[in-house]
Amino acid sequence: MVTLSIIKADTGGFVGHSAVHPDMLAAGQDALSSAVADGLLLDGKVGHCGDDLSLIMTHEHGADAEEVHSFAWDVFLRTTEIAKGLGLYGAGQDLLSDAFSGNLRGMGPGYAELEFTERPSEPVVCFLADKTEPGAWNLPLYKMFADPFNTAGLVIDAKMHAGFRFEVYDLYEEKRIWFDCPRELYEMLMFIGAPARYVIHSVESKTLHEQAVATSTQRLSLIAGKYVGKDDPVMIVRCQSGLPALGEVLEPFSFAYTAGGCMRGSHHAPMMPVSVNDAHPARFDGPPRVVALGFQVHQGKLIGPRDLFDDPSFDRARAQTNEVMDYLRRHGPFEPHRLPLEDLEYTTMADLEKLLADRWQSMPEAAVPAPR
Ligand code: 13P
Ligand code: 13P
Ligand code: MG
Ligand code: MG
Ligand code: MG
């Protein structure tokens with residue numbers, strides 16, 4: 001069995017919240033290469049999207065392994081020091097705890113981990129996003145694994161015809177449920193259509209009994225109890241041979257769907273699929289970016305990455321993103337660009353309620369609806 005882990009954190013932005021400094025990427029790659037040389041990891045590559053640094057690692061320690069999580073934590077401490085040394089913005093932003101104990105749960109860094117027996121050919125895609133929340137993967141995952149208008153294999157591949165099982169987390173109540181699709185598609189959509197609360201955590205093939213997907217589902221604000229930056233989730237998707245083909249996995253991103261997270265974590269904005277070189281959200285700290293790094297996992301090694309959205313066939317999605325961004329921006333501080341009050345990551349409302357408490361008066365009686 002091999003485990004593919006993506007562990008990520010924002011440990012400082014260059015400039016503002018737009019990118020990771022090259023010195024931090026170099027330090028991350030050095031640490032990964034040493035960990036491979038020392039035998040902790042089978043392989044390790046740094047990735048980045050916006051101001052978030054990802055450690056993409058293969059190893060044999062399973063998910064939630066103390067040695068792998070504590071290694072990642074130490075790397076993030078080191079990149080935080082580099083960020084402090086350069087005066088980068090929000091140095092150590094996602095490190096919410098002072099000391100490591102056991103694993104990264106509740107400590108700030110996000111992680112997606114998937115353990116599997118390597119197939120003769122094992123194509124995987126590592127998706128990294130910036131300026132959005134973990135529920136941003138719900139719509140594309142639904143399309144990949146449940147929508148025959150996206151994924152032809154659901155109709156014409158005998159190994160996919162039975163469908164997939166989706167594991168959905170309720171991040172508010174800390175509960176989870178499995179939906180058996182296509183039988184329970186409509187039930188599932190009722191929940192995952194509310195992505196601030198319900199988040200797809202994993203997907204499994206009913207025919208192969210193989211896990212195909214792992215997502216990072218941590219919500220920073222729920223850990224910290226206040227806004228400390230956006231979650232900027234990651235996701236692993238395995239492809240081909242009874243799972244969606246590579247092109248079926250990428251196809252949902254040809255539509256610039258809207259997700260929560262841009263500018264102070266408090267606005268809806270469209271997701272822009274981009275090459276690694278363009279993964280630097282700037283306009284209104286957005287639009288949210290997603291990169292897709294393709295690898296063939298072979299004998300535990302990460303052959304790649306291929307920068308999969310570095311492809312003119314996603315130009316229209318990018319153009320659509322810009323159009324939607326223009327349209328939403330013109331709403332300024334109005335919904336639906338601004339998130340609804342209960343989902344705002346920043347708010348002056350509590351202060352205003354206190355400040356204005358004695359200025360609110362009853363409406364004129366004529367304006368009050370008559371009791372029924
Ligand atoms: P190739 O013939 O290029 O391998 O394509 C196979 C396929 O089914 C792609 O969707
Ligand atoms: P990050 O989570 O990417 O740091 O974004 C924070 C933010 O509020 C940008 O406007
Ligand atoms: Mg940041
Ligand atoms: Mg970020
Ligand atoms: Mg963030």
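The model is predicted: local features need pLDDT of at least 70, side-chain atom pairs count only at pLDDT 80 or more, and totals for chains, interfaces and linings use all residues. Residues are numbered from 1 along each chain as its sequence is written, chains are lettered from A and ligands numbered from 1 in the order written, and side-chain values use heavy atoms, without hydrogens and water.

Start at the magnesium ion (ligand 4). Its protein donors are Asp 51 (OD), Asp 52 (OD), Asp 130 (OD) and Asp 232 (OD), at 2.0 to 2.2 Å. Donors are N, O and S atoms within 2.8 Å of the metal (3.2 Å for Na, K and Ca); water is not among the atoms, so sites may look incomplete. Along the chain, the donors of this ion follow the spacing D-D-x77-D-x101-D. Asp 52 in strand 3 (residues 52-59) and Asp 130 in strand 5 (residues 122-130) are 78 residues apart, so the pair links distant parts of the chain. Strands (E, at least two residues) and helices (H or I, at least four) are DSSP runs, numbered from the N terminus. Both Asp 52 and Asp 130 are buried. Buried means under 20% relative accessible area, exposed over 50%, and partly exposed in between (1.4 Å probe, protein chains only).

Asp 51 bridges the magnesium ion (ligand 4) and the magnesium ion (ligand 3), 4.5 Å apart. The magnesium ion (ligand 5) lies 5.0 Å from the magnesium ion (ligand 3). Lys 230 and Asp 232 are buried.

Strand 3 also holds His 59. His 59 counts as buried because its relative accessible area is 0%. Its side chain makes a polar contact of 2.8 Å with that of Ser 5. A polar contact is a pair of N or O atoms within 3.5 Å; within protein, one must be able to donate a hydrogen and the other to accept it, and residues adjacent in sequence count only if both atoms are side-chain atoms.

Now the backbone. The peptide bond from Gly 304 to Pro 305 is cis, with omega near 5 degrees. Pro 305 sits in strand 15 (residues 301-307). Lys 131 is not a glycine, yet has a positive phi of about 70 degrees. Lys 131 counts as buried because its relative accessibility is 7%.

Finish at the surface. Leu 355 belongs to helix 10 (residues 349-356). Leu 355 counts as exposed because its relative accessibility is 62%.
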